[in-house]
Amino acid sequence: MDHFDTARETHNDLQRRYYETREPEANHRIMVRSTPYITNQLNRVLDVSGINRGDRILDVGCGMGKYTIPLAERGYDVEGLELSGKLLEQMQVQANGRAVVKTHQADLLAPPPEMIGQYDHVIGFFVLHHLFDLDKAFASCAQLLNPKGRIIFLEPNPFCPLFYLQITLSPTMSWKAERGILDLTPGQTARRLKDAGFVNPRLHRFGILPPFLRNRSGAATLERGFESIPLLDRVQAFQLISAELPGTAA
């Protein structure tokens with residue numbers, strides 16, 4: 001095993017332990033729940049993704065199926081890729097009676113050969129900042145897609161100060177596991193996407209309210225007002241990162 005693989009395994013072990021060693025109630029952020037906050041995030045991704053019914057979708061870093069299961073419930077052909085076998089087991093428990101989702105236990109940086117070129121869309125929710133190497137991650141995404149494939153990821157905005165406050169104050173969060181947020185600036189992300197063979201990289205920011213506020217009546221209207229102020233775009237909470245392979249753009 002060379003230095004890169006050793007470092008990747010060390011990183012992956014940290015990320016697995018970050019979620020697997022918590023008490024079940026401490027993993028509430030990645031459990032399947034139908035709230036206005038989560039539904040809004042899912043709808044935002046679908047609005048800009050170009051996903052059509054019948055498209056084959058791979059949700060990378062699917063965890064316990066927080067977004068994968070709702071997508072399947074809506075009738076989308078979605079599969080899950082996850083590093084942690086324990087999280088996949090918990091995902092199937094949550095999916096029981098709700099949806100049937102095919103899953104794969106693997107590292108995105110080293111996907112199984114049989115998955116190469118099989119998907120119309122590779123998507124992810126808050127996963128990029130947990131990965132060991134974004135350049136190789138985007139290259140793997142390109143391999144997983146068919147020649148007209150697209151990607152879209154929902155991630156924290158590194159310019160939003162609320163995330164750093166949350167990481168600092170939350171007893172179940174760790175800066176060591178979350179520090180990849182710093183690598184998701186627009187310039188760095190666009191460069192990495194282009195180096196991986198993608199074209200038309202786009203970034204769209206939205207949102208500001210935390211879940212306990214966003215889930216209240218009238219919060220959607222308040223948040224839309226915030227989003228309409230151009231000067232505040234830089235500090236909005238979330239960013240949608242999307243791009244496509246050249247076959248789509250042709």
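This is a predicted model: local features need pLDDT of at least 70, side-chain atom pairs count only at pLDDT 80 or more; totals for chains, interfaces and linings use all residues.
Good morning, colleagues. I shall begin with the helix pair. Two packed helices are described by the angle between their axes and the distance between the axes. Here the pair is helix 5, residues 134-144, and helix 8, residues 186-195. Their axes come within 9 Å and cross at roughly 45 degrees. Because of that angle, helix 5 is oblique to helix 8. As to handedness, the crossing of helix 5 past helix 8 is right-handed.

Which residues make this contact? From helix 5 they are L134, D135 and F138, and from helix 8 they are T189, R191, R192 and L193. Sorted by class, the contact comprises three nonpolar residues, one polar residue and three charged residues.

I turn next to helix 2, which spans residues 36-49 and so has 14 residues, reaching 20 Å from its first C-alpha to its last. That reach is close to the 20 Å expected at 1.5 Å a residue. The buried residues of helix 2 are Y37, I38, N40, Q41, L42, R44, V45, L46 and S49. After helix 2 comes G50, with a positive phi near 75 degrees.

That brings me to backbone angles. Most residues other than glycine have a negative phi. F126 sits in the loop between strand 4, residues 119-125, and helix 5, the helix already discussed for its crossing with helix 8. Another is N200, which is not a glycine either and has a positive phi of about 55 degrees. N200, however, belongs to strand 6, residues 199-206. With a relative accessible area of 39%, N200 is partly exposed.

Finally, I would draw your attention to L81, in strand 2, residues 77-82. Is L81 buried or exposed? Its relative accessibility is 1%, and L81 therefore counts as buried. Which residues does L81 touch, leaving aside those up to four places away in sequence? They are L58, D59, V60, G61, C62, H104, A106, L108 and M115. L81 and N40 stand 41 residues apart in sequence, and their C-alpha atoms are 23 Å apart in space.

Thank you for your attention.

Conventions:
Residues are numbered from 1 along each chain as its sequence is written. Side-chain values use heavy atoms; hydrogens and water are left out. Axes are lines fitted to C-alpha atoms, for helices over the stretch in contact, and angles run from 0 to 180 degrees between N-to-C directions. Helices (H or I, at least four residues) and strands (E, at least two) are DSSP runs, numbered from the N terminus. Angles under 35 degrees count as roughly parallel, over 145 as roughly antiparallel, 65 to 115 as roughly perpendicular and the rest as oblique. A crossing is left-handed if the near helix is turned anticlockwise from the far one by less than a right angle, and right-handed if clockwise. Contact means heavy atoms within 4.5 Å. Ala, Val, Leu, Ile, Met, Phe, Trp, Tyr, Cys and Pro count as nonpolar, Asp, Glu, Lys and Arg as charged, and the others, Gly among them, as polar. Buried means under 20% relative accessible area, exposed over 50%, partly exposed in between (1.4 Å probe, protein chains only).
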